[in-house]
Amino acid sequence: VAHTGRTVGRLGEGDWDGKVSEIKKKIKSILPGTSCDLLPDTSHLPPEHSDVVIVGGGVLGLSVAYWLKKLESRRGGIRVLVVERDHTYSQASTGLSVGGICQQFSLPENIQLSLFSASFLRNINEYLAVTNAPPLDLQFNPSGYLLLASEKDAAAMESNVKVQKQEGAKVCLMSPDQLRNKFPWINTEGVALASYGMENEGWFDPWCLLQGLRQKVESMGVFFCQGEVTRFVSSSQRMLTTDDEMVILKRIHEVHVKMDHSLEYQPVECAIVINAAGAWSAQIAALAGIGKGPPGTLQGTKLPVEPRKRDVYVWHCPQGPGLETPLVADTSGAYFRREGLGSNYLGGRSPTEEEEPDPTNLEVDHDFFQEKVWPHLALRVPAFETLKVQTAWAGYYDYNTFDQNGVVGPHPLVVNMYFATGFSGHGLQQAPGVGRAVAEMILQGSFQTIDLSSFLFNRFYLGEKTQENTTM
């Protein structure tokens with residue numbers, strides 16, 4: 001990064017805040033009983049300069065911040081600011097996720113990312129330990145994933161498992177007879193084949209990972225600011241491509257952050273912007289001028305990520321499957337897993353394109369469960385005929401409408417905007433590896449540990465899908 005040395009010798013923002021409060025204390029001690037407003041309080045404002053501004057403070061944004069600081073060549077060399085508009089994370093995909101991790105994908109890149117995440121989560125307290133803070137307890141439940149395939153999908157499942165094994169995942173195929181032997185509570189009607197993850201799969205507490213990352217990056221000197229990015233100030237340069245096509249290259253120099261509950265905004269000079277705004281990342285891309293050009297051109301290619309609403313239901317069923325139950329993904333698209341120890345389960349089903357709900361609110365559709373989820377659950381697990389729904393919530397997928405896979409790395413024309421978004425439901429479980437990949441690309445100019453070239457933005461313009469065949 002060419003601009004990382006600029007902050008040397010400046011008074012750090014934290015030091016400055018400390019000095020301000022010290023001066024205030026001194027003045028207060030001289031004037032007992034009077035409030036001190038001689039110096040305006042700027043502690044809520046972001047710094048005026050930051051080498052990297054990360055838009056979005058969910059697990060993907062925080063993971064990028066973590067790896068930038070971990071891989072920086074000189075401690076304190078890179079100044080990083082994370083801008084998050086919702087400090088309660090009430091609508092963030094992270095906290096509303098079901099917290100699953102599995103390697104049963106068809107793409108080698110997705111398998112490698114999830115294998116790395118499994119290792120990261122297993123050693124979480126080596127990665128995210130903070131002096132004097134208690135160790136993190138992710139409550140990882142290693143019960144695995146069980147994917148069921150009908151006759152028409154069995155051949156694809158076989159070839160997926162072959163790829164998974166080549167990449168080092170511990171997955172096995174099971175016949176309907178083997179299924180009934182291992183899981184007597186399952187009705188195998190309509191099931192031709194199943195794949196079962198025997199290691200590194202299960203579910204964990206996503207809130208714990210979010211808080212652990214946040215606490216760690218704060219201890220590494222990352223700045224946080226609650227506010228909304230409303231504008232980018234950039235410079236442009238015209239260039240001819242090898243095909244003699246005129247393109248405009250842009251570079252962002254300044255990010256405007258509108259402060260919460262206020263009309264004021266703070267300009268932040270920066271060298272690099274990370275778009276990790278999840279379901280809202282297309283709006284951030286548009287602010288930078290991405291997609292604002294003639295259709296069919298690179299200039300006119302939008303970031304194809306939009307919010308998709310997903311309902312998660314929690315039910316109670318005393319006669320339901322026991323403690324060894326994996327996360328089960330049915331042939332119908334319905335899924336469930338156990339939740340805690342008290343005969344509770346959670347699950348749902350991704351809607352078809354025709355059933356896609358209105359994403360403008362997060363109200364739960366209870367009819368969808370009754371009509372489109374429960375019948376499939378009760379057919380697959382007869383004990384679920386007597387289930388009682390206890391509670392439910394809705395969250396957002398950052399849904400990539402092009403190929404349901406992540407977007408990672410730099411934009412070809414807005415040269416200093418990097419993406420970490422569009423994971424369509426597997427962003428949480430892949431965040432540790434994606435954060436590392438983005439940091440490598442920024443600091444070393446290329447992917448080092450996992451090659452995510454097929455997740456670059458260019459594919460949207462070229463029309464080359466990186467298709468994953470097992471998105472739940």
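Colleague: Let's start with Ser106. Where is it found?

Modeller: Ser106 is in the loop between β3 (100-101) and α3 (108-122). Keep in mind that this is a predicted model.

Colleague: Why is Ser106 called buried?

Modeller: Buried means under 20% relative accessible area. Ser106 comes out at 11%, so it counts as buried. Its contacts include Asn160, Val163, Gln467, Glu468, Asn469 and Thr470, leaving aside residues up to four places away in sequence.

Colleague: And what makes the Ser106 side chain and Asn469 a polar contact?

Modeller: The cut-off for a pair of N or O atoms is 3.5 Å. The Ser106 side chain gets to the backbone nitrogen of Asn469 at 2.9 Å, so the pair is within that limit.

Colleague: On to α5. How do you know that its length agrees with its residue count?

Modeller: Helix α5 covers residues 154-166, 13 residues, which at 1.5 Å a residue should span 18 Å. The C-alpha atoms at its ends are 19 Å apart, and that agrees.

Colleague: What makes you say the buried residues of α5 line one face?

Modeller: The buried ones are Ala154, Met157, Asn160, Val161 and Gln164. Looking down the axis of α5, they fall within an arc of 115°, so they line one face of the helix. On the other side, Ala155, Lys162 and Gln166 are exposed.

Colleague: What covers that buried set?

Modeller: The cover includes α3, β4 (145-149), β5 (171-174) and β6 (193-197). After α5 comes Gly168, with a positive phi near 100°.

Colleague: How do you describe the packing of α2 against α7?

Modeller: For two packed helices, you give the angle between the axes and the distance between them. The axes of α2 (residues 59-71) and α7 (residues 206-219) come within 9 Å and cross at roughly 35°, and the crossing is left-handed. On the α2 side, the contact is made by Val59, Leu62, Ser63, Ala65 and Tyr66; α7 brings Leu209, Leu210, Leu213, Arg214, Lys216 and Val217.

Colleague: Which residues of α7 are buried, and what covers them?

Modeller: Pro206, Cys208, Leu209, Leu210, Gly212, Leu213, Lys216 and Val217 are buried. Their cover includes α2, α3, α4 (124-127), β8 (223-240) and α10 (427-444).

Colleague: Why is Asp205 called a cap of α7?

Modeller: A side-chain oxygen of Asp205 lies 3.0 Å from the backbone nitrogen of Trp207, at the N-terminal end of α7. That's within the 3.5 Å limit, so the pair passes on distance. Just after α7, Gly221 has a positive phi of about 100°.

Notes. Residues are numbered from 1 along each chain as its sequence is written. This is a predicted model: local features need pLDDT of at least 70, side-chain atom pairs count only at pLDDT 80 or more; totals for chains, interfaces and linings use all residues. Side-chain values use heavy atoms; hydrogens and water are left out. Helices (H or I, at least four residues) and strands (E, at least two) are DSSP runs, numbered from the N terminus. Buried means under 20% relative accessible area, exposed over 50%, partly exposed in between (1.4 Å probe, protein chains only). A polar contact is a pair of N or O atoms within 3.5 Å; within protein, one must be able to donate a hydrogen and the other to accept it, and residues adjacent in sequence count only if both atoms are side-chain atoms. Contact means heavy atoms within 4.5 Å. The expected span of a helix is 1.5 Å times one less than its number of residues. The arc is that of the directions from the helix axis to the C-beta atoms. Axes are lines fitted to C-alpha atoms, for helices over the stretch in contact, and angles run from 0 to 180 degrees between N-to-C directions. A crossing is left-handed if the near helix is turned anticlockwise from the far one by less than a right angle, and right-handed if clockwise.
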